[in-house]
Amino acid sequence: MTAKIFTAREDDEYYFDEGCHILEWLNDPADPDVSIARARVPVGVTTRWHRLRGTVERYLVQSGRGVVEIDEGPARDVSPGDLVLIPAMARQRIHNPGPEDLVFLAICSPRFDPENYLDDEP
């Protein structure tokens with residue numbers, strides 16, 4: 001591996017059909033073990049139920065408040081500083097009850113691959 005600096009630019013943020021906006025900081029074949037993206041969920045939005053095949057995901061909440069649901073577990077409130085660990089293939093979604101955007105880092109290992117994203121909306 002070669003040392004590298006990755007720079008995320010706000011103009012690169014895109015809307016993901018799951019229901020949130022994504023800004024990828026790191027998702028590069030040169031570092032296949034991890035990816036890091038900023039997710040932004042607008043006020044009142046609940047992301048779609050989904051799973052990640054073969055990928056462990058972590059949500060590191062940066063700002064706002066959320067309610068996360070994983071598999072059949074209870075809905076849990078999350079706020080800045082909380083880290084949510086989501087096992088591979090766990091059914092998951094997050095809701096932003098407001099009053100500001102919910103922003104968190106989505107840290108995946110191995111790195112996020114869209115082919116491993118499974119929409120699980122009923």
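Guide: Helices (H or I, at least four residues) and strands (E, at least two) are DSSP runs, numbered from the N terminus, and two strands pair if DSSP finds at least two bridges between them. The model is predicted: local features need pLDDT of at least 70, side-chain atom pairs count only at pLDDT 80 or more, and totals for chains, interfaces and linings use all residues. Residues are numbered from 1 along each chain as its sequence is written, and side-chain values use heavy atoms, with hydrogens and water left out.

Visitor: How do you know that strand 3 and strand 10 are joined?

Guide: Seven bridges join strand 3 (residues 35-41) to strand 10 (residues 102-109), and the two run antiparallel. Pairing requires at least two bridges, so these strands qualify. Within strand 10, Leu102 is the bridge partner of Val41.

Visitor: What is the order of the strands in the open sheet?

Guide: The six strands of the open sheet follow the order 1-2-3-10-5-8, with antiparallel pairing.

Visitor: What makes strand 1 and strand 8 edge strands?

Guide: Strand 1 (14-16) and strand 8 (83-86) each pair on one side only.

Visitor: Why is the pair of Phe16 and Tyr117 called edge-to-face?

Guide: Aromatic rings of Phe, Tyr and Trp (its six-membered ring) pair if their centres lie within 6.5 Å; planes under 30 degrees apart count as stacked, over 60 as edge-to-face and the rest as tilted. Phe16 and Tyr117 have 5.2 Å centre to centre and 80° between the planes, so the pair is edge-to-face. Phe16 lies in strand 1 and Tyr117 in strand 11 (residues 117-119), 101 residues apart.

Visitor: Why is the pair of Tyr59 and Phe104 called tilted?

Guide: The ring centres of Tyr59 and Phe104 are 4.3 Å apart and their planes stand at 40°, so the pair is tilted. Tyr59 belongs to strand 5 (residues 56-63) and Phe104 to strand 10, so the pair ties together parts that are 45 residues apart in sequence.

Visitor: Does Tyr59 count as buried or exposed, and why?

Guide: Buried means under 20% relative accessible area, exposed over 50%, and partly exposed in between (1.4 Å probe, protein chains only). Tyr59 has 2% relative accessibility and therefore counts as buried. Phe104 counts as buried because its relative accessibility is 3%.

Visitor: Why does Gln62 count as partly exposed?

Guide: Gln62 has 42% relative accessibility, so this residue counts as partly exposed. Gln62 lies in strand 5. Leaving aside neighbours within four places in sequence, Gln62 is in contact (heavy atoms within 4.5 Å) with Pro80, Val103, Phe104 and Leu105.
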